[in-house]
Amino acid sequence: MGEKRLYKCSKSLLPHLFLSILSLFPTLSSSNQFLNYGDALSKSLLYFEAQRSGRLPYNQRLTWRHHSGLTDGLEQGVDLVGGYYDAGDNVKFGLPMAFTITMLSWGVVEFREELTAAGELPHALEAIKWGTDYFIKAHTHPHVLWAQVGDGDTDHLCWQRPEDMTTSRRAYKLDRENPGTEVAAETAAAMAAASIVFRRTNPHYSHLLLEHAKQLFEFGDKYRGKYDSSIGGAKGYYTSVSGYLDELLWASVWLYKATDNQYYFNYAIENAISFGGITWSIAEFSWDVKYAGLQLLASMLPTEGKSKQQKQILEEYHTKAKYYICACLNKNNSTNVQRTLGGLLYTRQWNNMQYVSTAVFLLTLYSDHLHSTNQMLKCPTDSVGPHEILSFVQSQVAYILGSNPMGLSYLVGYGPHHPVRVHHRGASMEPYRDSKVFVGCTQGYDNWYGRPDPNPNVLVGALVGGPNAEDGFEDRRGNFVQTEACTYNTAPLVGVFAKLKAVEKGNSSSVASVGLSLVSSV
């Protein structure tokens, strides 16, 4: 009789026990407990297949795309078929493409186990290799890098599927007479980071990438100059505002991580002051401004065997990295990253989500660092631990995936409500597989661009520019400030989604384990 009463009592206590158990796991907040990080991860990697240029492979999953840009480089006598279109247009811009591959590679370097557990590592490797294969083609000589295919001005006059392009496919190269340090150094960083990624699975390819990375770094450093002075067509689209010194430091640290060659370490140490590595306090990280990412990457380098002066420089890199992290957490005395009323990090009006995605990546990485070293972060106004940082990351990701005033997921294809009129040429027109009828330059504007209907193709996994400072968003194809997506928006999220999925799985297992233990003891 007593045993029966005990079981009845335990059933009535289960809801209270469950709430008590949940309180033990602060990372299971109400804003993220219904999010499917695995689905978001899968969709984010699918997006890169939509941005592919060149001859598409047999295992292409996004079937509304087809072969395109098959004569790229032909006019200049070089094979430049492949690579990625950066956004909703049909130009291949070298600087953002390289940054995209660096961030994808960094995500795999840091979260390889999590990607493997999620079953998405093969797709991540494919996305990286599609870019690095192109970089190998584009680097035709130690001191020559083809940095752009297509022209933004003429491309923007037309609204055509990439399969129908009639716009200029002129290729632009960087060489000794026409230097472009930003692109050379960023491509070196991408190939160095990717060489680490492929070290286990494809050592020959890894070695090849590393050789290209070394040559590109030497080229960019020896023949210095702003790339948009050599390629005038890049201005207005990807103008280098920060210059190239941040890219040189960034690339040197990646090369040191890939080679363990002291030369690259010394480069980052000896030029830390003069290149701004430990003098700039920056509250953003992007395809143009690399300082925050550089500072965090350098601050995590091992200090064993380093001199007192070298350790001091690394600590100064760390100080600047902490400034960025504290700015994102709103815990600096003065300069912090603004937030919308709904709580989203807000840097600027045009494509703000690019800054959110890079921020959550660096925050996730730093949370891991604090956890593994059993440390707290001391900001000017408060101290925070790894769980608080990760909880903030989850809140930002929750906003991206639909927990926001608009009730809209800004990751296209995720959830029941997401942008359906994305500013994207290929997605906005009838699929090539369904209609191979040629769409002319202005015909696309006349027949497709201004349509109020949703795009016929879903640009799955694309992270659009996002809401304004008041959390407002207008889902209109012509509203490119908010509805255009870019490869470097989504790239940082790949590692973040993988990490959050692993954390969620670990917490769920812990909740189940603790719950069973408590119930069995009642």
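Leaving aside neighbours within four places in sequence, with which residues is lysine 499 in contact? In this predicted model, lysine 499 is in contact (heavy atoms within 4.5 Å) with Phe111, Glu114, Thr364 and Asp368. Lysine 499 is found in helix α18, residues 487-521; helices (H or I, at least four residues) and strands (E, at least two) are DSSP runs, numbered from the N terminus. The relative accessible area of lysine 499 is 13%, so the residue is buried, where buried means under 20% relative accessible area, exposed over 50%, and partly exposed in between (1.4 Å probe, protein chains only). Between lysine 499 and histidine 141 the C-alpha to C-alpha distance is 39 Å, with a separation of 358 residues in sequence.

Because the model is predicted, local features need pLDDT of at least 70 and side-chain atom pairs count only at pLDDT 80 or more, while totals for chains, interfaces and linings use all residues. Residues are numbered from 1 along each chain as its sequence is written, and side-chain values use heavy atoms, with hydrogens and water left out.

The pLDDT (the predictor's confidence in each residue, from 0 to 100) has a mean of 91 over the chain, and 91% of residues reach 70 or more. Residues 1-32 have pLDDT below 50, and this stretch has 31 contacts in the model beyond near neighbours in sequence. Over residues 510-522 pLDDT also stays under 50, with 16 contacts beyond four places in sequence. Where pLDDT is low, the predicted coordinates should not be read in detail.

An open sheet is formed by three strands in the order β1-β2-β3, with antiparallel pairing; two strands pair if DSSP finds at least two bridges between them. The edge strands, each pairing on one side only, are β1 (92-93) and β3 (171-174). Two antiparallel bridges link β1 and β2, and lysine 92 has valine 149 of β2 as its bridge partner. Strand β2 (residues 145-149) pairs with β3 over four bridges, again in the antiparallel sense. Within that pairing, the partner of valine 149 is alanine 171, and leucine 145 is bridged to leucine 174. Five of the five residues of β2 are buried, so this strand is largely enclosed by the rest of the structure.

Helix α9 (residues 245-259) has 15 residues and reaches 21 Å from its first C-alpha to its last, close to the 21 Å expected at 1.5 Å a residue; the expected span is 1.5 Å times one less than the number of residues. Because 12 of its 15 residues are buried, α9 is largely enclosed by the rest of the structure. The buried residues include Trp250, Trp254 and Tyr256. The buried residues of α9 pack against α3 (94-117), α6 (181-197), α7 (203-222), α10 (262-270), α11 (291-299) and α12 (308-328). Just after α9, aspartate 260 takes a positive phi of about 60°.
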